[in-house]
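Thank you all for coming. Please have a look at the model on the screen, and then I will walk you through some of its parts.

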Amino acid sequence: MRLLFVGDVVGNSGCELLQKQLYRIKQDNSIDITVVNGENSAQGNGITPASAQTLFSMGVDVITTGNHCFKRKEIMEIFDTNDYLLRPANFPEGVEGNGVAIIDLCPYKIAVVNLIGTLYLEPVDNPFNVVDKILEDIDTPNIIVDFHAEATSEKKAMGFYLQKRVTAVLGTHTHVQTADETILAGHTAYITDVGMTGPELSVLGVDKDIVITKFKKRVPVKFSESTEKSFINAVIVEFDEKTGKALDISRIIIR
């Protein structure tokens, strides 16, 4: 079985490029499941019902998010009504939404788990303890983890912590694709960051001149999405659906 995981989609430009390219990518690579991190898919950051629907309508099976999942108030109720729109599972108890989705392809099931790191981000529940509890309740060996985290060290640690226990640990959040894709312990596909789908000549999707001004002058600025051409960052994970063992992971960059 083959999974396509697309890195953080940024704004209208990221959505538009993915909409144009996704069908061809899936056809060319015999993709069975598509997961996209959509926490920045709305224009101006965050995710809205409209941007989520745009992603689902183009053939995305599960949308994961991260620290911007609740930035737009209008999305709150959608997290409780759509089982395939996830927020990080280690948000405190009682928060809207779910952090785990189960895709039933009969006879095989695939679980998608969304977690967020705590280093340099909000102090939510410990993702290492939370994922232990989640794995106790999942009845399929096919488990894909989106670990949305800032620190490389925390992502690497999670990869090693979950090796042989899950099919893949795929890092998101930093918007820069890393070149460390590997199979841990002969079982778990890993990459520190899948990257970004959005304006390439930008600072994480934001107009570069605005960000330079912020760093140079240390004054408040209003971020706006770059108008430069977009690219797609993604990975393909091939795995044995009977055992959950990853067989291959490869990076994709489409300009």
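This is a predicted model: local features need pLDDT of at least 70, side-chain atom pairs count only at pLDDT 80 or more; totals for chains, interfaces and linings use all residues.

**A walk through the model**

I start with His175, which is buried, with a relative accessible area of 11%; buried means under 20% relative accessible area, exposed over 50%, and partly exposed in between, with a 1.4 Å probe and protein chains only. His175 lies in the loop between E8 and E9, and although His175 is not a glycine, it has a positive phi of about 65°. The names of helices (H or I, at least four residues) and strands (E, at least two) come from DSSP runs, numbered from the N terminus.

Residues are numbered from 1 along each chain as its sequence is written, and side-chain values use heavy atoms, with hydrogens and water left out.

Let me turn to the sheet. In what order do the 6 strands of the open sheet come? The order is E5-E6-E7-E8-E10-E9, and the pairing is mixed, where two strands pair if DSSP finds at least two bridges between them. E5 and E9 stand at the edges with a single partner strand each, so one side of each is left without a neighbour in the sheet. From one strand to the next, the twist averages 25°; for angles like this one, axes are lines fitted to C-alpha atoms, for helices over the stretch in contact, and the angles run from 0 to 180 degrees between N-to-C directions.

Within this sheet, strand E7 (residues 143-148) runs parallel to E8, and 5 bridges join them, with Phe147 having Gly171 as its bridge partner in E8. Strand E8 (residues 168-172) is in turn joined to E10 by 3 bridges, and these two also run parallel, whereas strand E9 (residues 182-184) is joined to E10 by 3 bridges in an antiparallel run. E9 and E10 form a hairpin with 3 residues between them, and Ala185 in the turn has a positive phi of about 55°.

Contact here means heavy atoms within 4.5 Å.

How do the two helices sit against each other? Two packed helices are described by the angle between their axes and the distance between the axes. For helix H4 (residues 127-137) and helix H5 (residues 152-162), the axes come within 11 Å and cross at roughly 30°. That makes H4 roughly parallel to H5, given that angles under 35 degrees count as roughly parallel, over 145 as roughly antiparallel, 65 to 115 as roughly perpendicular and the rest as oblique. The residues that make the contact include Phe128 and Leu135 of H4, and Met158 and Tyr161 of H5.

Now let us move to strand E1 (residues 2-6), where 4 of the 5 residues are buried, so E1 is largely enclosed by the rest of the structure. E1 pairs with strand E12 (residues 230-240) in the antiparallel sense over 5 bridges, and 4 bridges join E1 to E3, with which it runs parallel. Phe5 stands opposite Val235 in E12, and Phe5 also stands opposite Val35 in E3.

The peptide bond from Cys106 to Pro107 is cis, with omega near 15°, and Pro107 is placed in the loop between strand E5 (100-104) and strand E6 (109-116). Asn45, found in the loop between strand E3 (33-37) and helix H2 (49-57), has a positive phi of about 90° although it is not a glycine. Is Asn45 buried or partly exposed? Asn45 is partly exposed, with a relative accessible area of 22%.
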